[in-house]
Each structure stands twice: as C-alpha cells, then as structure tokens.
Amino acid sequence: MRMYDIIVKKRDGAELTKEEIEFFVEGYTKGDIPDYQASALTMAIYFQGMTPEETAILTQAMVDSGETIDLSAIHGKKVDKHSTGGVGDKVTFIVGPLVASVGVPVAKMSGRGLGHTGGTLDKLESIKGLEIEMTKEKFIENVNKHKLAVAGQTGNLAPADKKLYALRDVTGTVDSLPLIAGSIMSKKLASGADSIVLDVKTGSGAFMKTLEDSENLAREMVNIGNNLGRNTVAVISDMNQPLGYEVGNANEIREAAEILQGKNVEDLRQLSLEISSHMAVLAEVFTSYDEAYAALEANIENGKAFNALRTLVEAQGGDVSMIDDLDKLPKAKYDIEVKADKDGFVSEIDAESIGIAAMYLGAGRATKEDEINHGVGITLNKKIGDEVKAGEALVILHSDDETPQSSIDKVKEAYTVSSEKVEKPTLIHNIIK
Ligand code: URA
C-alpha cells in the first residue's frame, strides 16, 4: 500500500477502506509516514469529508494507537461526561457528585487548562490537599466504594491523535468535522467508559459558533460512539455567555458546591440536571429521563448530592472544612468592580474575553509553564437580559493586583449594553441521540 495512492483517492472524493485508514494512522504514529503526506491527506479530508464508517474506523485506529484504560473492575455501567469547553463550565463538579449520589459510577479522568477555558484539575486543586494523582488500583477502589473519583489523565492515550492534532493545528485542518469528532472521541473511548454524555457548546464562547455546526459536530460524535458500541447522547448547550456567575478556580468550586446545596443559579442547575439525567439513564440506574430527573433533584434537596462531594474530597485527601465552610477556599486580595458606563440591558457577554480576563488575573495559563492562582477570578453581576444602570457593577474582579488594567479593559470589551430590552438566551438547544 502506498500513502500517495491514499491521498489521491481521498482528494478525488472516494471512500477509504479500513485497511487504508489503519495503514495511515499506524504509519504516521510510528513515523514511517512523513508530515507532508499526513497534511496532504488531512487537507483532502477537510475538503472531501468522511463517511460515518470512515470516521468510526479513523477513531478506532487512533484509540488502538496507544493505551486504553480498562475499567471493567468497576461495578455497574460507567458513564463519562465530556464538554467541548466553555467559560465558567463547572458542570463536572456538580454532575459527578450528583449522579454518584444515585448510584452511577463515575471514573473521571481530566486535564489541565490552557488558554481561556480553565481545567477541571486546576479548579479542584483549589481545595487544600486534594490529590489527583493516584494508582489505577486506588482509582478503581475509590469508584467502587464511593461511585466517584477524579484523577489526572495517565497513560499514553490516543498518541496518533496527539501527533495529528499538532499537525492540523499548523496546517489549517483543525476545522474539519470528522477530524474534530474523531479526535475528541478517540480520547474518550480510550478512557474506558461504557457510555458517554457530550456537552457540545454553541455560541460566541464555544469552539463551534453556530447552532448548525454544533449540531453537525454532535451528530458526528454520537455516530462514532454508537458505531463503536458506546451509547452516546449529546446535549447542545449555549455558550454565548459564561455559565453561572463565577469564572476562576476556587470561586467556581464554591458555586458548584452551592448548587449541590440547593442554590438555584438557573442556567447552571438546569444544565447540570439535564446532563445528569441522561447519564443516569445511560447507566441504567433509571429507565426514564423524568424518573432520573426527579431522583436527582430530590438528592439535591435532601443533601445526598452535597454529601457525595464531601466524600469525594475526603477520599482524595482534601480539606473537607473548605467545603463545609466555603469561605475557607482561597481568596484574592482585592475585589474590584468594573462598572457600566450607561443605562440599558446587557445584550452580549463575549465569554472568550471573560475567560481571557480571568487568565490575565492569573486564573489560567497562557503557556504550559504558568502557575495557577486559585484565589483570583471573576464574578459576573449581570448576565444577558439583565437591566443595568450606569455606575452599577457589571462584574467583580478578584485580583491580587490592585489595578489589573488589562483584565478591566478585557471585561469592558466583553460586555455590550443596549438600550432595548433583550431576552435571556435559550440554554439547551437540542438533544442528539
Ligand atoms: N478538541 C480536540 O480534542 N480535538 C479537536 O480536533 C478539536 C478540539
């Protein structure tokens, strides 16, 4: 088989065979196929697309290029949750304990953040002592005992994707639906869950800006999952503004804990219950969405969901007193208001700019080497649709610097106040199964 013929075949719009796709993925991972041929093929895929069968084969080949995590020692159906990335997205900290409280086993492997969206592990490490590195045995033992563990990604999962993604990043071939879907799903499938709930974000702060693109990506991913024997459901949720009111690390943990204590931060609670309900049905703990939803809501009211968060923190060596008394979580030195300069209604909040403003404060990393400051962050005072008066605070910056000018400027850039009344955006746009 020659790589040249595979490139030409895809360039001309034909469907590749399993053998051809596997030849490419194996050869590229080993270094037998050079970057220039791999980039020619990805560009051909960018223009010609892939059939659902080709995409599933590509994904499986990327899974097979490295280690896979064997979760079979965990009792019950394991359900994973993945978000395509958003600002203020602390849903994992709510959904994990919430579904664990009704008996769904969650073996969550997460990463760190880079750029304008924060990482799950960075946020969790706001809790003093909390250990996210553990042996595989301990990880499995914790899930069996407490139904929930969160650990840093270990092992060499989907190395073909790692190499291919780095190549796509510099050759203009990131924005190809089958390649994005295959990339995300290869890492999820290698992590070993039986079923997957995808939170596909849509809007200005999302990877996919339009609903149509987000739905197409969701469909591709659901097809791959179902084709490869994992029940997969995608929730398309809005990212035209940050989720909830808090963006940062410790403050996001605080907000998540408050939701588990019953606080009604509307969008955050609604999305968390939505995702949790699908997870509980896929785990076969409940037979219907409505039944799952009611049980999950009840566990927020009766304290079991919050208790599951306490248990997670305790089991991983974290300081539980920080969860019992949320004021003990790290805090920044200064609270600085960024004020509206005119009366009106908030019509836009560019989530990406808010994420960047938080990063400038030290809540995120601009480069891999940067240290996270867990206490800094942003509290939104106003969200889309809210009325605002000139001089009222739009946000509060929690900063260790008395005048964080670049963050102030970025927040001002993020907010648009218009004179006309604005509707609140729809939160959940679609469910794709
Ligand atoms: N995220 C991924 O993991 N892969 C892509 O291709 C795009 C976004």
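Which residues are around the ligand? They are Y165, R168, I180, S183, I184, K187 and F207, each with a heavy atom within 4 Å of the ligand. This is a predicted model, where local features need pLDDT of at least 70, side-chain atom pairs count only at pLDDT 80 or more, and totals for chains, interfaces and linings use all residues. Residues are numbered from 1 along each chain as its sequence is written, and side-chain values use heavy atoms, leaving out hydrogens and water.

**Ligand shell**
- Helix 8 (159-169) and helix 9 (177-190) each give at least two shell residues; helices are DSSP runs of H or I, at least four residues long, numbered from the N terminus.
- Helix 9 supplies the largest share, four residues.
- The shell has four nonpolar, one polar and two charged residues.

- The side chain of R168 places an N or O atom 2.9 Å from a ligand oxygen.
- S183 has a polar side-chain atom 2.6 Å from a ligand nitrogen.
- K187 has a side-chain N or O atom 2.5 Å from a ligand oxygen.
- The protein covers 82% of the 240 Å² of accessible area that the ligand has on its own (Shrake-Rupley method, 1.4 Å probe).

**A helix pair**
- The axes of helix 12 (residues 266-282) and helix 13 (residues 289-301) come within 8 Å and cross at roughly 125°.

Notes. A polar contact is a pair of N or O atoms within 3.5 Å; within protein, one must be able to donate a hydrogen and the other to accept it, and residues adjacent in sequence count only if both atoms are side-chain atoms. Ala, Val, Leu, Ile, Met, Phe, Trp, Tyr, Cys and Pro count as nonpolar, Asp, Glu, Lys and Arg as charged, and the others, Gly among them, as polar. Axes are lines fitted to C-alpha atoms, for helices over the stretch in contact, and angles run from 0 to 180 degrees between N-to-C directions.
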